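Hello,

Here is the structure I promised to pass on to you. Please open it alongside this message, and my notes follow below.

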Amino acid sequence: MDVIVFPDVCRKLHYLFPVTDKALVGHVTKMVKVNNADQCEIRCYRELGCLSYNLGPYQGNGHVCELSNSDHLRHPDDLVITPGFIYRGTEVHAL
């Protein structure tokens, strides 16, 4: 299980397996540029409302990282084929 700890954020997330060529649409709350998937994962962790993220393909100066306030379990019909993207949901565990 991935456990990331920051002193200003208190939550425990387990990242589910990445799903290639799919993205969760309609629930993006924030978009940021990142250099890699690890940075997107950390951004999701630090954003308390983030339950999943989409990572776009590398384009020029990085990847687009889309943080979502929902996931594929709550909205399965919103997980759609999106070539080049990677979707990653989470399980939130109580501390």
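Let me start with Thr82, which counts as buried because its relative accessible area is 19%, and the cut-off for buried is under 20%. Please keep in mind throughout that this is a predicted model.

Thr82 sits in strand β6, which covers residues 79–93. Leaving aside neighbours within four places in sequence, Thr82 is in contact with Asp21, Lys22 and Ala23. For Asp21, the C-alpha atom is separated from that of Thr82 by 5.0 Å, although the two residues are 61 residues apart along the chain. The side chain of Thr82 also reaches the backbone oxygen of Val80, at 3.2 Å.

Next comes Ser68, a residue of strand β5. Its relative accessibility is 0%, so Ser68 counts as buried. If you leave out residues up to four places away in sequence, Ser68 touches Leu24, His27, Val28, Thr29, Gly49, Cys50, Leu51, Ser52 and Asn54. One of these, Cys50, leads on to the disulfides, where Cys50 is joined to Cys44.

How many disulfides does a search of the whole structure find? There are two. Counting bonded cysteines along the chain, they follow the pattern 1-4, 2-3.

The link between Cys40 and Cys65 has its sulfur atoms 2.0 Å apart. It is right-handed, with 80° about the S-S bond. Cys40 belongs to helix α1 (residues 37–46) and Cys65 to strand β5 (residues 63–68), so this pair ties together parts that are 25 residues apart in sequence. Both Cys40 and Cys65 are buried. Strand β5 therefore holds Cys65, and Ser68 is found in strand β5 too.

The other disulfide joins Cys44 to Cys50, with an S to S distance of 2.1 Å. Why is this one left-handed? Because the torsion about the S-S bond of Cys44 and Cys50 is about -100°. Cys44 has 0% relative accessibility and so counts as buried. Cys50 is buried as well, with a relative accessible area of 0%.

Happy looking, and do write back with any questions.

Best wishes

Terms used: Residues are numbered from 1 along each chain as its sequence is written. This is a predicted model: local features need pLDDT of at least 70, side-chain atom pairs count only at pLDDT 80 or more; totals for chains, interfaces and linings use all residues. Side-chain values use heavy atoms; hydrogens and water are left out. A disulfide is a pair of cysteine sulfur atoms within 2.5 Å. Helices (H or I, at least four residues) and strands (E, at least two) are DSSP runs, numbered from the N terminus. Buried means under 20% relative accessible area, exposed over 50%, partly exposed in between (1.4 Å probe, protein chains only). Contact means heavy atoms within 4.5 Å. A polar contact is a pair of N or O atoms within 3.5 Å; within protein, one must be able to donate a hydrogen and the other to accept it, and residues adjacent in sequence count only if both atoms are side-chain atoms.
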